Amino acid sequence: MANYDGKIITIERFILDHQPDDADGDFTGLMYDIALAAKIISQKINRAGLEDILGRASSTNVHGEDQQKMDVFADDLIFRLCDHTGRLCAMASEEQDEFIPIPDEYAKGEYVLVYDPLDGSSNIDVNVSVGMVFAIFRTVDYEKRGRLEDCLQPGKDIVASGYVLFGSSTMLVYSWGDGVHGFTLDPDLGEFLLSHERMRFPDKPAYYSFNGAYQHEWEQSMRDYVEWLHSDQSPALSGRYIGSFIADFHRNLLKGGIYLYPGEISRPDGKLRLLYEAGPLAYLAENAGGYASNGYQSILDLVPTSLHECTPVIVGNRNLVEMAEKFIQGK
Ligand code: AHG
Ligand code: MN
Ligand code: MN
């Protein structure tokens with residue numbers, strides 16, 4: 001058991017003490033539901049090497065990717081924890097083709113939950129960090145039951161977003177627009193405890209992160225930018241790429257840096273999904289003093305026209321992202 005010196009602040013206490021002024025019990029309850037999902041998924045992932053859970057399920061998701069067994073487990077769990085609480089009017093998941101209405105037998109609430117139940121799931125088989133990422137919006141029409149329009153909202157309308165990193169320890173990081181706060185799961189207590197209050201990108205960045213295997217597919221301007229990153233003009237950065245967006249983002253948030261997943265010739269919008277990955281992390285980045293861009297504008301300003309659309313992503317320390325924009329826009 002860990003030694004506890006000083007003040008112990010559980011996520012429950014922190015949410016109650018710091019929730020937005022206009023938050024009702026529903027917002028707080030929804031955050032607890034997400035924290036509970038995180039604990040259950042964490043436990044399952046920790047046992048993944050021991051149970052017959054490794055490897056692929058027999059289905060394919062809307063992106064044509066093999067769904068890993070844990071993707072299916074996490075997707076179903078989040079839905080089942082949140083469908084009946086009366087807090088949500090709709091959900092959307094990276095793993096589901098259509099938006100997810102609240103079943104008719106349950107009351108509808110005012111919030112919308114969009115999520116990637118397991119990010120970087122191909123890393124589970126090799127015991128490397130994965131994540132879960134979510135955003136919460138308000139319904140666009142209180143009178144109606146949830147509709148697709150409730151889910152297709154830009155990042156600037158996010159009420160709160162966050163992620164859970166299943167790393168060497170499990171951390172839940174979230175923001176509702178007043179700082180980005182991190183909680184570490186104490187596995188003995190089964191509680192998320194405040195460990196990182198008001199996280200900010202350090203002024204001096206340490207890392208750049210991208211999948212270098214795709215550089216031949218990038219626009220020349222992006223390759224020029226990477227050349228600049230390697231030059232004396234740029235801050236001296238070291239390269240790190242895990243291939244789990246949440247883990248790459250988290251490291252860069254703590255140490256400073258830039259993450260790129262640009263468009264490619266055969267995939268001009270890149271791989272990352274606007275609604276489930278880029279938007280929620282862009283919101284966190286801006287609340288931590290950073291910035292996220294598609295090369296031309298803030299990701300928070302992009303309005304999704306479909307649930308699964310992708311966007312190029314450049315995210316991290318603001319000055320590094322703005323420099324990438326300059327290269328891309330030929331300025
Ligand atoms: P997901 O597991 O939800 O499909 O997302 C995987 C994403 C993201 O986590 C990661 O940054 C990226 O895929 C890695 O892609 P590459 O293997 O193409 O670099
Ligand atoms: Mn993902
Ligand atoms: Mn996923």
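1. Model and domains. Please keep in mind throughout that this is a predicted model. The protein chain is split into domain 1, covering residues 11-196, and domain 2, covering residues 207-329. Between the C-alpha centres of domain 1 and domain 2 the distance is 23 Å, and the contact between them involves 50 residues of domain 1 and 31 residues of domain 2.

2. Placement of ligand 1. Why can ligand 1 be said to lie between domain 1 and domain 2? The reason is that both domain 1 (11-196) and domain 2 (207-329) contribute residues to the shell around ligand 1, so the ligand lies between them.

3. Make-up of the shell. Ligand 1 is surrounded by 19 residues, and the closest are G120, N211, Y214, Y241 and Y261. By class, the shell around ligand 1 consists of 7 nonpolar, 5 polar and 7 charged residues.

4. Polar contacts of ligand 1 and its cover. An oxygen atom of ligand 1 lies 2.5 Å from an N or O atom in the side chain of Y261, and a polar side-chain atom of N211 is found 2.8 Å from an oxygen atom of the ligand. Taken on its own, ligand 1 has 470 Å² of accessible area, of which the protein covers 88%. Two or more residues of the shell around ligand 1 come from each of the elements β5 (111-119) and β13 (257-261), and β5 supplies the largest share, with 3 residues.

5. A polar atom of the N317 side chain lies 2.8 Å from the backbone oxygen of P202. Leaving aside residues up to four places away in sequence, N317 touches F201, P202, D203, P205, G256 and G257.

6. N287 at the helix. N287 belongs to helix α7, residues 274-287, and with a relative accessible area of 17% it also counts as buried. The side chain of N287 has a polar atom 2.8 Å from the backbone oxygen of Y283. When residues up to four places away in sequence are not counted, the residues that N287 touches are S175, G177, D178, G179, V180 and R200.

7. Positive phi at N127. Most residues other than glycine have a negative phi. N127, however, has a phi near 60°, a positive value in a residue other than glycine. N127 is located in the loop between β5 and β6 (130-138), and because its relative accessibility is 75%, it counts as exposed.

8. Positive phi at R198. Which residue has a positive phi near 50°? That residue is R198, again a residue other than glycine, and its place is in the loop between β10 (191-196) and β11 (207-209). R198 counts as partly exposed, because its relative accessibility is 43%.

Definitions and conventions:
Residues are numbered from 1 along each chain as its sequence is written. Chains are lettered from A and ligands numbered from 1 in the order in which they are written. This is a predicted model: local features need pLDDT of at least 70, side-chain atom pairs count only at pLDDT 80 or more; totals for chains, interfaces and linings use all residues. Side-chain values use heavy atoms; hydrogens and water are left out. A residue is near a molecule or strand if one of its heavy atoms lies within 4 Å of it. A polar contact is a pair of N or O atoms within 3.5 Å; within protein, one must be able to donate a hydrogen and the other to accept it, and residues adjacent in sequence count only if both atoms are side-chain atoms. Accessible areas come from the Shrake-Rupley method with a 1.4 Å probe; for residues, only the protein chains shown count as cover. Helices (H or I, at least four residues) and strands (E, at least two) are DSSP runs, numbered from the N terminus. Ala, Val, Leu, Ile, Met, Phe, Trp, Tyr, Cys and Pro count as nonpolar, Asp, Glu, Lys and Arg as charged, and the others, Gly among them, as polar. Domain bounds come from an automatic or database domain assignment. Contact means heavy atoms within 4.5 Å. Buried means under 20% relative accessible area, exposed over 50%, partly exposed in between (1.4 Å probe, protein chains only).
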